[in-house]
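Please keep the sequence and the model to hand while reading.

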Amino acid sequence: MLLMILGMTIITVSILVNQITKDTFNKNNPNLDVIVGAKGSPLQLVLSSIHHIDIPTGNISYKNAKNIIKHPAIKFGVPISLGDNFQNFRIVGTEKKFFKLYNAQIETGSIWRKPMQSVIGFNVANSTKLKIDKFFVGSHGLIDTGDVHAEQPYKVVGVLKKTGTILDNLIITSLDSVWLLHSNKSDIKNSRDSLEVTALLLKYKNKTSAFSFPRLINRNTNMQAASPNLEISKLFKLTGEAHKAINYLSILIVSLSFAGILFTLLNNISERRYDLAILRTLGFSKEKIFSIILIEGMTISFLGSFIGLIFGGIVYKSIEYFSLLGKNIIAGQFELIYELFVVWFIILIISFVACLVPCIKAYKQNIRSTLLNN
Amino acid sequence: MLICENLLFSIDGQKLFSNINFNIETEKDLLITGPSGIGKTTLLSILCGLQRPTDGNILYNEINLYKLVENKIDEFRGKQLGIVFQNFNLINAFTIKQNLQLANTASGTEDYDHLYNLLQRVGLADKSHIKVSKLSIGEKQRVAVARAFAGKPKWVFCDEPTSSLDDKNTDIIINLIKEESLRCKASLILITHDKRIQSILNFDQILKLGEKI
């Protein structure tokens, strides 16, 4: 049973991590075509700007960002500015149209009207207990370091409805708020063009621009353009090999557990063939003996795989809970675990077939010769 | 009524016994005797549906045993027959109570008061939770007797029930078997070469294998 538990635990964790990560990556990207940011790793730019799990590659000029949004190939563009957090939830400076990307709706309150006002995501509100009109101070950096902007607290003016995306884990404010905290300029309104943002989230008017636009940015500017879909698919290609290796390992372990169940039952039958013959003398039919052995084998298999499934879920939730990465990347939704149940069902079917071998052996047992030979 | 007609049994073409015929009325007794190796235990196995005869018929109240399909024979054995085997055939890993419950379950009676009374009569009620492997030979013999009557059988078969017992215990066990068969209104078919038994009990019929009575 231990092998079955171990195998099922590994399969469960592997499937959950793979499926929920893919699902989360898909949900987090609101059909953005390209991200423009400072030069560096394009994957890092995508992860930090859309999925909020890596540090940004640097900053770009706000003036350049505005010019890019006006480019004829661009249908929609919104700048974002990162740099602070509150209790590990990232504070994103942006424009009000950012909410349109995620079809976000306000649950209570409103969107900000002036700097240092903020709108918080669903998970932020639940986790931090922040409410409308409450104040909080941001910490420098993207994880909680304790180095805070105590002199200028944010005020919560709105709480968002649950979206099932990374937006639930974000604190959204105006660009001006971020600039107020991080620039030396006293007159933000008149010096915006000299300020910086972290990245620009863009949608093309026409998908054919996917070839020409990134080349234009990458060759002619000190910025880079990265395609979220391309970078994430590259990431999955890399991690996919590791997933495959884990899956092969778990298949091997589960196969060993099938063999374990088979040989345990065969061994039990050899040890108990005398007892089984006695049951026959008492009036238990061959069919009844067959079903007793089958129930025993399937109980081992069902319990082992079920415990493995539960352990897998616990291990997965622990990974999600204890890792900062998990907190930001995983939406915590179990919609896709139907695949897990398919795998569980297949395991039970194979166990059933494996159990038939000892059942048939017990079925064919000759009572009288067994009793005489004992 | 149990009718045994022209029973023949051969192993590898060699006859072990043939032309066995007898009738036993309900609630009557039969003693089957004969020297070792004559086929007494094989005959008991055939009568109990555990070993198909080469030829002949066994009829229990007009039910031809070997005309039934195998699981019906098993069901019939569980509901109508009680067997005390020579080597007891108890499940050593189970307790006394569990061994009796198995027979009770197979018979479909599920009468736990009956089991308790049986255990009291064989003097093992206080030890019902003890595993069979920890019992003495005499105690195992008594469990085997109790189990044979657990399903309230109509025919009780005993194969050399006293072979490993001294005179005192032989007397106790034989009287116990007789008392329980009277209580159940069951026919008793006892197979033995133990001459002490005939001095303890009177049988309605005696069959000496190889001889006509």
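What percentage of the contacts in chain B with a separation of 6 or more do residues 24 or more positions apart account for? Such residues account for 72% of the contacts in that class, a contact being two residues whose C-beta atoms, placed from the backbone, lie within 7 Å. The model is predicted: local features need pLDDT of at least 70, side-chain atom pairs count only at pLDDT 80 or more, and totals for chains, interfaces and linings use all residues. Residues are numbered from 1 along each chain as its sequence is written, while chains are lettered from A and ligands numbered from 1 in the order in which they are written.

**Confidence**
- The mean pLDDT of chain A is 85, and 94% of its residues score at least 70; pLDDT is the predictor's confidence in each residue, from 0 to 100.
- Where pLDDT is low, the predicted coordinates should not be read in detail.

**Chain B: composition and sheet**
- Chain B contains 7 helices and 9 strands, taken as DSSP runs numbered from the N terminus (helices H or I, at least four residues; strands E, at least two).
- An open sheet of 5 strands in chain B runs in the order β6-β7-β8-β3-β9 with parallel pairing, where two strands pair if DSSP finds at least two bridges between them.
- Because β6 (81-84) and β9 (205-208) of chain B each have a single partner strand at the edges, one side of each is left without a neighbour in the sheet.
- Strand β3 (residues 29-33) of chain B pairs with β9(B) over 4 bridges in the parallel sense, and Ile206(B) in β9(B) is the bridge partner of Leu31(B).

**Chain B: antiparallel strands**
- Strand β1 (residues 2-11) and strand β4 (residues 55-60) of chain B pair in the antiparallel sense over 5 bridges; Asp55(B) in β4(B) is the bridge partner of Leu8(B).
- A hairpin is formed by β4(B) and β5(B), with 2 residues between them, and Asn61(B) in the turn has a positive phi of about 45°.

**Interface**
- Contacts join 17 residues of chain B to 14 residues of chain A.
- On the side of chain B that touches chain A, α2(B) provides the largest share, 7 residues.

**Nonpolar cores**
- The largest nonpolar core has 70 residues, of which Ala144(B), Val145(B), Ala146(B), Phe157(B) and Ile189(B) touch the most other members; a nonpolar core is a set of buried Ala, Val, Leu, Ile, Met, Phe, Trp, Tyr and Cys residues joined through C-beta atoms within 7 Å.
- Helix α8 (residues 228-282) of chain A gives the most to this core, 8 residues.
- Beyond its neighbours within four places in sequence, Ile189(B) has contacts that include Ile24(B), Leu30(B) and Trp155(B).

**Val124(A)**
- Val124(A) lies in helix α5 (residues 122-128) of chain A and counts as buried because it has 28 C-beta neighbours inside 10 Å.
- Leaving aside neighbours within four places in sequence, Val124(A) is in contact with Phe89(A), Leu130(A), Asn169(A) and Ile171(A).

Methods:
Buried ≥ 20, exposed ≤ 12 C-beta atoms within 10 Å, placed from the backbone.
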